[in-house]
Amino acid sequence: MTALLELRHVGRAFGSLWAVRDVSLSVGKGEVLGLIGPNGAGKSTLYNLIAGALPPSEGEILFEGRRISGLAPYQVARAGIARTFQIPKPYRHLTVVDNVVLSALLHDKSVAAARRSAEAVLADVGLADYAEASVNVLTAGLLKRLEVARALALAPRLVLFDEIMAGLTPTEVKMMTGLVASLPARGTTVIWVEHVLYAIMSAAHRIVVLHRGELIADGPPKKIAKDPGVIKAYLGEEMSLA
Amino acid sequence: MSMSVAAPRTVGRWRLMPARGTLSLFELVLLAAFVALVAVRLPQNLQDVVVLTFLWAGLALAWNLAGGYAGLISFGHAAFFGIGAYTSTILTAHLGVTPWIGLWIAGLLAAAAGAVVAMICARLRGPFFILSTLAAAEVVRIGALNWVTLTGGPEGLSILPTPSAANMVFASKTAYAVLMLVYLVVVYGVTKVVEGSRYGYYLLAVRDDEDAASAAGVNPLFMRTSAMALSAMLTGIGGTLFAQYFLYLDPTHVISPELSFQLALLPALGGLGTAIGPVLGSVVITPLSELLRSYLGHAAAGLHLAIYGGVLIAVMLHFPGGIAAALDRLATRWRKRAP
């Protein structure tokens, strides 16, 4: 697999605190990469570094061989990287479908074409029935799905999911896990931060573990679930994977 | 679990009520009423009200492009209005350029000023942005007061009142009413095109959530700057038209904070971020303000302002989303009643 995204010794300090330190990571095209770790491990900071919301203090980030560290968030998005926000950030005064139309407009120049794309994505995440509703009526779980829909409507080559399963019912988790697993076949590589471990363990091809800003493990889900260092830092007990 | 949304009411192929990106029957009827107001022979003072209602509606629409759609609430639009009014008047007085050409230069200069304000205030949000626009307008006003050789300072500038179509000075108020109606229709058209376009959607995105907009590939600084420039340009052109109607301008009147507030008030009352809102705001408020002043202004000094203020408060309390939102609710009620 060729590297789609490459982090080279990336670090970010806030004052004297290193939220992310010396992280080197290569993500292959077509991968579903799980990123786990305890609260405060630096997962969201790492996302903000990749998405351009924060510049790295050191190191560099390459996407498709091109340096993207230092670009503004909208430039990173145009380069082909989509993200969701851990706390959903819907456009509050727009309908559900218009929220997604705004993403689809990145590729569809006309509003009518963007609307067709948006409706297709809404069907994928199971929000088709809510298309004309105001986002203010959506529950926490539905807002998470809207975040996913907005990210996917950008037709990204890489998507960063940030806890998209939080607040979802088990049925919703199952549906969304199936959706995530189907993305590589549609040309979208996935990096996925998640605390709902059974979902990520079943859908991810590979998992990396971040602890106190540093990568402490990297491997297939089954190996990570048994890794003593990961158990001590995050899992608490050995996971049995069905 | 499905959300049933009643289909919008239509008459033939026309939507009944205004909606984003399309024209409705309501708008066409309103336009017909405006044309009728121009065509019928009204007494002079009522013609005056009609002219001002059209002009204020156009100006409110221009303000709304930045304040309503892009969320750039400005209390400084009088600066762009004043720049427009002074530019064409000075060009006529010093260089003999007709206001028909001057209004384009006025628009461009106002647009440049708008872009500069947006870029200077790029990092400011909410009340800080609002106060900065107010301060920027004060800078322009004080500049105009003191640059006497160019602006005439506090004594102001007069435009030769000899009627001449080539100089955009007319003897009849009907001609001015036509001029203002054309301005209103043009700014309305710009608004409708913007709100139905990708650009218009991007404005709404930046207004509602800048982080989310950036993550969708939208450049917030470009959107804010261009929205402010477009809004300022149309406001500047309105300034030129105002100058040609009043034939006199001085900094205290055309660049006053009161004017800025009025420009923000009409769209806020009518409905922010809608095309029809600012028009309805002007239709309700401008005649009220003008007629109260002319009937009560000298009989009971101050009373007209008290009534005016009372009505404003009542409208704001009763229609929090503006008159346009109230109309929307009314339309929804009809829809539910319809078989």
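Modeller: **Strand β3 of chain A and its surroundings**

β3(A) pairs with strand β9 (residues 206-211) of chain A in the parallel sense, over 4 bridges. Two strands pair if DSSP finds at least two bridges between them. Helices (H or I, at least four residues) and strands (E, at least two) are DSSP runs, numbered from the N terminus. This is a predicted model: local features need pLDDT of at least 70, side-chain atom pairs count only at pLDDT 80 or more, and totals for chains, interfaces and linings use all residues. Residues are numbered from 1 along each chain as its sequence is written, while chains are lettered from A and ligands numbered from 1 in the order in which they are written.

Within β9(A), A:Val208 is the bridge partner of A:Leu35. Strand β8 (residues 189-193) of chain A also runs parallel to β3(A), joined by 4 bridges. There, A:Trp192 stands opposite A:Gly34.

Now the chain contact. 21 residues of chain B are in contact with 24 residues of chain A (C-beta atoms, placed from the backbone, within 7 Å). On the chain B side, α8 (198-208) and α9 (210-215) each supply at least two residues. The largest share, 5 residues, comes from α8(B).

Terms used. Two residues are in contact if their C-beta atoms, placed from the backbone, lie within 7 Å.
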